[in-house]
Amino acid sequence: AASVPASSRGPNVERGGNTRSSWTSPVKERDGGENNEDEDEDEEGEDEITEVAMIREYLLAGKLHRAITFGMDVPSLLFADPHGKDCPPPSMKLPGSSPSTEDDADDVPSGGATMMDDDAVLRRRLFSPCSKLLFECELDYCRVLSSRFCRVLLPRSEHGSHAVRTMAVEMMGSCVLTPIMGCFNPDLINYGLITLLRPYAEAASGETAAGGGKVAAEPAVSGAA
């Protein structure tokens, strides 16, 4: 039989008809099974995205609403002492309450002898019950909106008084706008959507059940005929 020139075999064809992409050593197949499973588990762990990691990316990109980040020093929050060594973050438990989980335990010593993960530090600085960072940012944003509302709503004579204007802005921002913004809770929004859509879902399920009964009754009528 005539031999095929080496130039016409292609880059992946070797002598003997085996291809480099399809041929695998049996020893590698036997020994590499468990290693591949461990590598897959490591890759899954590395690819896991946490809520705090997403918040960090949104803070860096400036994609969060100003009501959350109004007046917040984002670079200092993310990069100044990110591991809580010099300034430990607040605890995730309320003062006087006993820790129930590992996250609630106050495992940050006051002297900063142990460094924490940067995501854990950011989570405590933002969402700790002892932290007022997000609340103060939201309240300052509501004060700015309240100042604009009072400029339109109050008469010119009353708005010209510094005492009246300051009291009206603080009352509207603290007692009106802040509670309204507090209503935009994910759990509350989810409850409202379920309550609004429940009648439509029940009506649709009733129509489906009625349509199924009609379809099931048609063969019986045709059989009797």
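1. Ser128 lies in the loop that joins α5 to α6. With a relative accessibility of 4%, Ser128 counts as buried, where buried means under 20% relative accessible area, exposed over 50% and partly exposed in between (1.4 Å probe, protein chains only). Leaving out residues up to four places away in sequence, Ser128 touches Pro90, Ser91, Met92 and Arg123; contact here means heavy atoms within 4.5 Å.

2. This is a predicted model, in which local features need pLDDT of at least 70 and side-chain atom pairs count only at pLDDT 80 or more, while totals for chains, interfaces and linings use all residues. Residues are numbered from 1 along each chain as its sequence is written, and side-chain values use heavy atoms, with hydrogens and water left out.

3. The protein contains nine helices and zero strands. Helices (H or I, at least four residues) and strands (E, at least two) are DSSP runs, numbered from the N terminus. Of its 225 residues, 17% count as buried. Among contacts with a separation of 6 or more, 60% join residues 24 or more positions apart.

4. The axes of helix α2 (residues 51–61) and helix α5 (residues 118–127) come within 9 Å and cross at roughly 80°. Axes are lines fitted to C-alpha atoms, for helices over the stretch in contact, and angles run from 0 to 180 degrees between N-to-C directions. The two helices, α2 and α5, are therefore roughly perpendicular to each other, since angles under 35 degrees count as roughly parallel, over 145 as roughly antiparallel, 65 to 115 as roughly perpendicular and the rest as oblique.

5. On the α2 side, Val52, Ala53, Ile55 and Arg56 meet Asp118, Asp119, Leu122, Arg123, Leu126 and Phe127 of α5. By class, this contact of α2 with α5 has six nonpolar, no polar and four charged residues. Ala, Val, Leu, Ile, Met, Phe, Trp, Tyr, Cys and Pro count as nonpolar, Asp, Glu, Lys and Arg as charged, and the others, Gly among them, as polar.

6. The largest nonpolar core has 10 residues in all, including Val52, Ile55, Leu122, Leu126 and Cys137. Such a core is a set of buried Ala, Val, Leu, Ile, Met, Phe, Trp, Tyr and Cys residues joined through side-chain atoms within 4.5 Å. At least two residues of the largest core come from each of α2, α4 (74–79) and α5. Beyond its neighbours within four places in sequence, Ile55 is in contact with Leu126 and Phe127. A second, separate core of six residues includes Cys142, Cys150, Val169 and Leu177.

7. Helix α6 (residues 133–153) has 21 residues and reaches 30 Å from its first C-alpha to its last, close to the 30 Å expected at 1.5 Å a residue; the expected span is 1.5 Å times one less than the number of residues. Its buried residues are Cys137, Leu139, Tyr141, Cys142, Ser146 and Cys150. The cover over the buried residues of α6 includes α3 (66–69), α7 (156–159) and α8 (162–182).

8. Two residues of the loop between α4 and α5 deserve mention. Lys85, found in this loop, counts as partly exposed at 44% relative accessibility. Lys85 and Met116 are 31 residues apart in sequence and 7.8 Å apart in space, C-alpha to C-alpha. Asp81 is also placed in the loop between α4 and α5, and has a positive phi of about 55° although it is not a glycine. Most residues other than glycine have a negative phi.
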